[in-house]
Amino acid sequence: MGVGIPHPQPPSLSVSTRKPRSSRSGRATMADVASAAGVSAMTVSRALRRPDKVSEEVRARIAEASRRLGFVPSRLASALASARTMTVAVLIPSLTNAVFIDVLAGIQETLSPRGYQPLIGVTGYAPEEEERALRTYLAHDPDGVILTGLDHTSGTWDLLRSLSIPAVHTMDLAESGGDAATVGFSQFDAGYAIGRHFIERGRQRIGLIAGQLDPRTLRRCDGWRQALRDAGLHDPARELLVPDSTTVALGAELLERALAAWPDTDALFLCNDDLAQGAVFQCSRLGIAVPDRLALAGFNDLAGAAWTSPPLTTIATPRHAVGVEAARLLLAGMAPDKVPDKVNDGEPRRVDLGFRLMVRETT
């Protein structure tokens, strides 16, 4: 009897039990999600970038696969289910300037309870860098944008006008009839208030020291100039403006430079509190009596302004409130079928939170 030759067995049709492919970090990849959801990786990518281009049924399958595999479950599932990314692009000039840290705190405290997270971009006070950052963050499909000021490039303005998502500008106010939603205060009026305060205190030879020279600083300088012009006291020679970032050390240095150039000056407006604090410290070192010999005033009412010796007169700006109101305005604008950054007549919202003159012992 011949030896039987076994016939080859047909391949098993059972489901593979191997683990999904993963990235070097050990986390599930987009390919893993695609395989588990029964779609192509391109479809998963499209669902992430343009949820409106993928059917609700496919989005649900991808969301379920993502949850099961642990592929960024909370953020992805939310985006797929609602066609939202639950993110807001927030562009600020600096992470070292306390002014913008306070604004960020207000934004974060308002967005977080609603499930939104800020994507923070730092522009370094450069409009061109702001445009690059905006283009980068728009690739992540944020649900809204918060920017600082109104000094944008034409490219940034074109991008903002083309968006179907709301945008809010902070720390300044658009002119009446402008096409931007703004939350802030009048930098010009605040500078004017400082100028008037010196004049009402009987000062006659009033100088100006400014650094950074971003558009908001320059507008407060314009307000100060106008107050002095109105009183017939403006002297263009008593202005020291430098492009350097403002610090306490720079304030001390510029005080000496200013008094060397204008020794009879009896008052100085320093356009940021760190400069003004440096001036107060340097006056103490040099034996210059404040305010008897020289009155000093700053701007922003930063931490420590009330604790210099003597305490610093300054303008208190509503930084935290600006962040809160900007985020509230944006949240309302991101609600379905709402455009709350517009008033009833279709004009953009202009939220003026005002400022306070904090009169202390340096004046």
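## Helix 1 against helix 3

Which residues in helix 1 meet which residues in helix 3? On the helix 1 side they are Asp32, Val33, Ala36 and Ala37, and across from them in helix 3 sit Arg61, Ile62, Ala65, Ser66, Arg68 and Leu69. Sorted by class, this contact has six nonpolar, one polar and three charged residues. Bear in mind that you're looking at a predicted model here.

As for geometry, helix 1 covers residues 30–37 and helix 3 covers residues 56–69. The two pack at an angle of about 120°, and their axes are 9 Å apart. Angles of 65 to 115 degrees would count as roughly perpendicular and those over 145 as roughly antiparallel, so helix 1 and helix 3 are oblique to each other. Their crossing is right-handed.

## Helix 5 against helix 12

Next up is helix 5, which packs against helix 12 (residues 319–334) at an angle of about 40°, with the axes 7 Å apart. Helix 5 passes helix 12 in a right-handed crossing.

Who touches whom? Helix 5 brings Val99, Asp102, Val103, Ala105, Gly106, Ile107, Glu109, Thr110 and Leu111 to the contact, while helix 12 answers with Arg319, His320, Gly323, Val324, Ala327, Arg328 and Leu331. By class, the contact of helix 5 with helix 12 splits into eight nonpolar, four polar and four charged residues.

## Helix 6 against helix 7

How do helix 6 and helix 7 lie relative to each other? The axes of helix 6 (residues 127–138) and helix 7 (residues 154–162) come within 9 Å and cross at roughly 30°. Since angles under 35 degrees count as roughly parallel, helix 6 and helix 7 are therefore roughly parallel to each other. The crossing here is left-handed.

From helix 6, Glu130, Glu131, Leu134, Arg135 and Leu138 take part, and they meet Gly155, Thr156, Leu159 and Leu160 in helix 7. That gives four nonpolar, two polar and three charged residues in the contact of helix 6 with helix 7.

## The second largest pocket

Rolling a probe the size of a water molecule over the atoms shows where empty space is left. In this model, the second largest pocket holds about 350 Å³ of space. It is lined by 23 residues, and the closest to its centre are Asn97, Phe100, Tyr125, Thr246 and Asn272.

Which elements give two or more residues to that lining? They are helix 5 (98–111) and helix 9 (215–230). By class, the lining of the second largest pocket has eight nonpolar, eleven polar and four charged residues.

Most residues other than glycine have a negative phi, and most peptide bonds are trans. Against that background, a few places are worth a look.

Where are the cis peptide bonds? One joins Val290 and Pro291, with omega about 10°. Pro291 is found in the loop between helix 11 (273–286) and strand 9 (295–297). Another runs from Ser309 to Pro310, with omega near 0°. Pro310 lies in the loop between strand 9 and strand 10 (314–316).

Then there is Met171, which isn't a glycine but still has a positive phi of about 70°. You'll find Met171 in the loop between strand 4 (167–170) and strand 5 (182–184).

Note on methods
Residues are numbered from 1 along each chain as its sequence is written. This is a predicted model: local features need pLDDT of at least 70, side-chain atom pairs count only at pLDDT 80 or more; totals for chains, interfaces and linings use all residues. Side-chain values use heavy atoms; hydrogens and water are left out. Axes are lines fitted to C-alpha atoms, for helices over the stretch in contact, and angles run from 0 to 180 degrees between N-to-C directions. Helices (H or I, at least four residues) and strands (E, at least two) are DSSP runs, numbered from the N terminus. A crossing is left-handed if the near helix is turned anticlockwise from the far one by less than a right angle, and right-handed if clockwise. Contact means heavy atoms within 4.5 Å. Ala, Val, Leu, Ile, Met, Phe, Trp, Tyr, Cys and Pro count as nonpolar, Asp, Glu, Lys and Arg as charged, and the others, Gly among them, as polar. On a 1 Å grid over the protein atoms alone, a cavity is a set of points where a 1.4 Å probe fits but cannot get out, and a pocket is an open set with protein on both sides within 12 Å along at least five of seven lines; lining residues have an atom within 4 Å of a point. Grid points are joined across faces, edges and corners, and a volume is the space filled by probe spheres set on the points.
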